[in-house]
Amino acid sequence: MSAGASVTKPLVAVTGAGSGIGAAVARAFSAAGHPLLLTGRRVKRLEALGLPDAMCRPVDVLDVDGYRAVVDEAQAAYGPVDLLVNNAGTMALEQIAAQAPEAWSRQFEINCVGLLNCTSAVLPAMLERGGGTIINVGSTAGRTLYPNHTAYCASKHAVHTMTEGLRREAAPAGVRVILVAPGMVDSELLSGTDSEIHRQAWLDYRDEIGGAIAPEDIASAMLFAYQQPQSICIWEMVVAPTRQLS
């Protein structure tokens, strides 16, 4: 959609916006009045959100040139990206001895390289103008180690480290970099796991703790962090079900 005359708030870009946390974030920030750049593999899902002033593009986070191009397109319509939510991610649960190399490579590529690709499309301009926010989606898996999660946990530990490094690089210019680390969330992330045994173990633990939290809970946390004055940076938010232990 083209920019409307009523658009007064800055542009928000969300990766992996077609489902789960990404879709909830898109809805929350749209309701708060922001125009959106929504990217993901399934453009029909992005469009099905039906949000006003939302530019929907099927760009892979590993396509750095493609992502930079759609950022330029969205900024021409709505002004500079003031917030980037690096949400795109994948999870494949398995022990390394039984896992295909492509499975762990894909997790590092999407969860880590993809995050840096998209960050590189907006961070230089944020540093130049002395403002802006980047929110990276980590995980409680980036704080601990779960059985059958070796590659996924390692990728999320990397996200946590990269976020802290980016925060230290960006802070002197007044740019905020925030880590939001969800615990168990009802989303499609588990669809990346082929092993029915590991899928069922995840579901069993979810039921044991009384259920996972909703993607909307993570979106609310992000909106809260973003809406703080630019002079305040919430470095890290861990949001999980109360009964989840680690």
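These are my notebook entries on what I looked up in this predicted model.

**Ground rules**

I number residues from 1 along each chain as its sequence is written, and I keep in mind that this is a predicted model, where local features need pLDDT of at least 70 and side-chain atom pairs count only at pLDDT 80 or more, while totals for chains, interfaces and linings use all residues. Side-chain values use heavy atoms, with hydrogens and water left out.

**Entry 1: the whole protein**

I started with the helices and strands, and I found seven helices and seven strands. Both are DSSP runs numbered from the N terminus: helices are H or I with at least four residues, strands are E with at least two. Going along the sequence, I wrote down β-α-β-α-β-α-β-α-β-α-β-α-α-β. The radius of gyration is 17 Å, close to the 18 Å that the globule rule gives for 246 residues, so the protein is as compact as a globular protein of that length. For that number, the radius is taken over C-alpha atoms, and the rule is 2.2 Å times the number of residues to the power 0.38. I also noted that the C-alpha trace spans about 50 × 40 × 35 Å along its principal axes.

Next I looked up burial. Buried residues make up 50% of the 246 residues; buried means under 20% relative accessible area, exposed over 50%, and partly exposed in between, with a 1.4 Å probe and protein chains only. The accessible surface comes to about 11000 Å², and 55% of it belongs to carbon and sulfur atoms. Those areas come from the Shrake-Rupley method with a 1.4 Å probe, and for residues only the protein chains shown count as cover.

How much of the contact count comes from residues 24 or more positions apart? They account for 70% of the contacts with a separation of 6 or more, a contact being heavy atoms within 4.5 Å.

I went to R167 in helix α5, residues 150-170. Is R167 buried or exposed? R167 is buried, with a relative accessible area of 10%. Its side chain makes a polar contact with the side chain of E164 at 2.8 Å. A polar contact is a pair of N or O atoms within 3.5 Å; within protein, one must be able to donate a hydrogen and the other to accept it, and residues adjacent in sequence count only if both atoms are side-chain atoms. Leaving aside neighbours within four places in sequence, R167 is in contact with V177 and W235.

That sent me to V177, which sits in strand β6, residues 176-182. V177 is buried at a relative accessible area of 1%. With neighbours within four places in sequence left aside, its contacts include I134, N136, T163 and W235.

**Entry 2: N136**

I followed the contact from V177 to N136, which has its place in strand β5. N136 is buried, with a relative accessible area of 0%. Which side chain does the side chain of N136 make a polar contact with? I found that of T163, at 2.9 Å. Outside four places in sequence, N136 is in contact with residues including N86, L115, V177 and V180.

**Entry 3: P182**

I then turned to P182, also in strand β6. P182 is buried, with a relative accessible area of 4%. P182 and T140 are 42 residues apart in sequence, yet 6.0 Å apart in space, C-alpha to C-alpha. T140 is also on the list of residues that P182 touches, not counting those up to four places away, and among the others are I21, I218 and V239.

**Entry 4: some loops**

I checked D53 in the loop between α2 (43-48) and β3 (54-57). D53 counts as buried at 15% relative accessibility. Phi of D53 is near 50°, a positive value in a residue other than glycine. N148, in the loop between β5 (133-137) and α5, has a positive phi too, about 70°, although it is not a glycine.

A212 is buried, with a relative accessible area of 18%. Not counting residues up to four places away in sequence, A212 touches M184, V185, D186, R206 and P241. I also looked up A212 and Q244, which are 32 residues apart in sequence and 8.8 Å apart in space, C-alpha to C-alpha.
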